[in-house]
Amino acid sequence: MPKLSPLKRMFPGVWRCENCVEMLFVRGSGNCVQCETPLRKSNFRVQLFEDPTVDKEVEIRKKVLKIYNKRDFDFPSLREYNDYLERVEDVVSNLTNNIDVENTKLQMEQYQRENRDLIQKNKVKLTREQEEVEELLLLEKQGNEQRRLELLQEEQRQLQAKRKNKQALLDELEHSQLPATMLLAQHKVRAAKLETQIEQQKQAVKPTSLFSTGINMRQTVSLQPPPRIEEVLYQYKPVHVETYGPPVPELELLSRLGYLNHVRAAMPQDTAGGYTSALACHRAIQDAFSGLFPLKR
Amino acid sequence: MKLNIEGLLVYFPYDYIYPEQYSYMLELKRTLDARGHGVLEMPSGTGKTISLLSLIVAYQKASPLEVTKLIYCSRTVPEIEKVVEELRKLMEYYSKQTGESNNFMALALSSRKNLCIHPELLHANIVVYSYHYLLDPKIADLVSKELAKKSVVVFDEAHNIDNVCIDSMSVNITRRTLDRCQGNVDTLHNAIQKIKETDAEKLKMEYRRLVEGLKEANVARETDVYLANPVLPDEILKEAVPGTIRTAEHFVGFLKRFLEYLKSRLRVHHVVQESTPQFLKDIFDKVCIDRKPLRFCSERLQSLLRTLEIADIADFSAVTLISNFATLVSTYSQGFTIIIEPFEDRTPTIANPVLHFSCMDPSIAIKPVFQRFQSVIITSGTLSPLDIYPRILDFRPVTMASFTMTLARTCLCPLIVGRGNDQVALSSKFETREDFAVIRNYGNLLLEMSAIVPDGIVAFFTSYVYMENIVASWYEQGILENIQRNKLIFIETPDAAETSMALEKYQEACENGRGAILLSVARGKVSEGIDFVHHFGRAVIMFGVPYVYTQSRILKARLEYLRDQFQIRENDFLTFDAMRHAAQCVGRVIRGKTDYGIMIFADKRYARADKRGKLPRWIQEHINDGSLNLTVDETVQLSKHFLRQMAQPFRQEDQLGLSLLTLEQLESEEMLKKISQIAHQT
């Protein structure tokens, strides 16, 4: 029995094994055996999932999401974003289950026409969720790179130590001859080269995709104004303090009523700072008056 | 007797007390006063349980507002039963002494079938149950909601708590799980179709509720927000379910896609290791599933099951598992790893694809417990080295103390056998496992011991495979026959029924004087739960160092994580894990101060300081330098001497004043001074 090659299928749900696909298109193009629709070879894809409906749905979903690609900060509230998401789901499920296909397609075209600019803009950037995931991946990669470099450095250091030992031994042996200095010089050059190599590798790890504030260069920052929150306007009500005593005369009336005659007058130095004798007098009178009335039971 | 511990009146239901029980209670009281967490190591068989219970009950009675509940968590049902017995004795003592009837209520939850009786939990003062109710997020949700913040939580026999935490957050998915889940999803689909025809109103109500973002009444309680169940992080409790999975049909479609994705992942032909962000990215690329709807998966499923009024939730365990997996994978970006293996390492020809979603960080599961409850006490007989636990569980204890046994006569005899009589080094190292000489020497050791030790001997091996190899070798060499002339041999198997039968017969043989040897494995059921008191265990032999299978990928990922996050060296951790199991095995034979036993560590590596230092203090104390690298002959000689000593009569009066105290002796000045030196602070 011939071995079955992986299945392929096309948009409307036609299944052919790979051999049959080859056979069918020996002549370049052909018609579907069952429904006589003209088929093109390029439209056949390898099936990824066991359940064929899921495969079909994923294909449709990818196409729909290319058009309906608004993100959460394109909406004023979370509720509206969720409503939008639900509408997208409806579109996908209609197309998958062949419910009301014509109408849905018209809806999609209309949406595409209305939001052409937004779709273009959003095509380039990713949704925020994906950005978070990308960020985490980047952090991980950096972490791994750093660890790998540290390991390399350790190895280099060990190698260096060994070489130094060897060299020291050789130096002692060749102490009397002149070329020993040349050997030393060569060794120094080699060591310097190693150092620069390690430095270069370190440079490569430094992230070049971050602004100085730490924000990722490719990350979308929402430029929308913060959401408006309407609340009841605040009304100022002055504080009323119960003093349990007779009412205290106003600050401005004190001099007229004669209280200030019994208080030390303010010197020119004091008035320069804004002090008036009325202030101290008023405070003393407040103290004296409060609590004079007996407590009501 | 009635004790006075730093001003607290404690009723202790026995007439005699061990000095270390007193200092244990002292340390415990100080920990509760400081309202912090504690790590306490106390040797097995010294009355740890009753000390804990009497002190905490006394504390509760003295300040009922400070400690409203005691939550006692233990590992197995027999242990829970023991605790309940002790508690009953304590309560009887209280009512006899004070003359008033007790209004204390204690509640014990044993198996999952006896799940929560909510209102009773609210009023109980003491709750006894198994770890999993507090740690496993899926169960903790159901049972622990009502527990008040001002409670004291005690984890008894907690030396393995990090493994419990890791297991509770790990998920293993096989092809079978996915097939069963497919069945569940189809059932859900049909149920939705049916309910749309008969009672569409229910679905519409659920939809409306999800749109408004209203939470079910018993999900969004204040106490829950506090206990931030790890599977449902805080944001979920506040945010509304995303629009992609609002309607029931969309959600079922979502589940179908996720399931298909998992099926496609299991079709790999080589091992794949990924982190959670990589996994999420791949999900999005392949099936356009975002991270956010995945996070709300379990919540949405619960709501759907409730709306469809599914009576038997157990049928839907597969889809619940998958939705929990979805929530976990999308919530945690660190501390987890995904390993997909097309077959098991040891059986490369059998195709058995498994997806391991394993937690590498035990602190994730236990963090809510430490944050929420006032005092958490971790106690066991083998917690050394003490400082590792706060590091891997990520908490700051106010007390870390290790207690020793005060002994009137030395009833432990730990010996490290490093060489055979022919001076061949004994070890269970991988390289020497097939070595004929090593196996022969091990057999010789067991043979000699079986000739001199009365009644029962327990022998532990590092793994089933190793044990089978050695026993087969011994059979060929004729050693087994010689041993059987002295004692009967019983063996533990992976099968539970066979093991319990072997255990029963072993005990019978020890009782009637024939004598027996039980061969078992270091991480098996026997080493974890069974006590060998008095004549059931006069000697224990630990053949080799019980390292865990080090080639497992999950273990390697975990070690790497520990090294990166907690700066714990891989070697240190592996040794710590091996030594705690060894200590557990060896601690099986001493269950009281009148009990005595020989502990033989048959591997030359035990003599090294890094391994010896990881044994609990109460064993280390009795290892003297002369018993570090013995040959089999020397071991036999020392054991004979020890056994003859122990066979001398030993009455309770001999212990009085030293290891056993009456109330008057306890209150004498010098005794109090000695006691304060018992607790060794680290």
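Predicted model: local features only at pLDDT ≥ 70, side-chain atom pairs only at ≥ 80, totals over all residues.
Residues are numbered from 1 along each chain as its sequence is written, and chains are lettered from A in the order in which they are written. Local features need pLDDT of at least 70 and side-chain atom pairs count only at pLDDT 80 or more, whereas totals for chains, interfaces and linings use all residues; side-chain values use heavy atoms, with hydrogens and water left out.

**View 1. A positive surface patch that includes residues of helix 2 of chain A.** Helix 2 (residues 52–67; helices are DSSP runs of H or I, at least four residues) gives the largest share, three residues. Lys63(A) lies in this helix and is partly exposed, at a relative accessible area of 45%, where buried means under 20%, exposed over 50% and partly exposed in between, with a 1.4 Å probe and protein chains only.

**View 2. Ser363(B) in helix 17 of chain B.** Ser363(B) belongs to the helix of residues 363–372 and counts as buried, at 4% relative accessibility. Leaving aside residues up to four places away in sequence, Ser363(B) touches Ile392(B), Leu393(B) and Asp394(B), contact being heavy atoms within 4.5 Å.

**View 3. Helix 15 of chain B, a mostly covered helix.** Nine of the eleven residues in this helix (residues 297–307) are buried, among them Cys297(B), Glu299(B), Arg300(B) and Thr307(B). The helix is followed by Glu309(B), whose phi is positive, near 55 degrees.

Definitions and conventions. Helix = DSSP H or I, 4+ residues; strand = E, 2+ residues; numbered from the N terminus.
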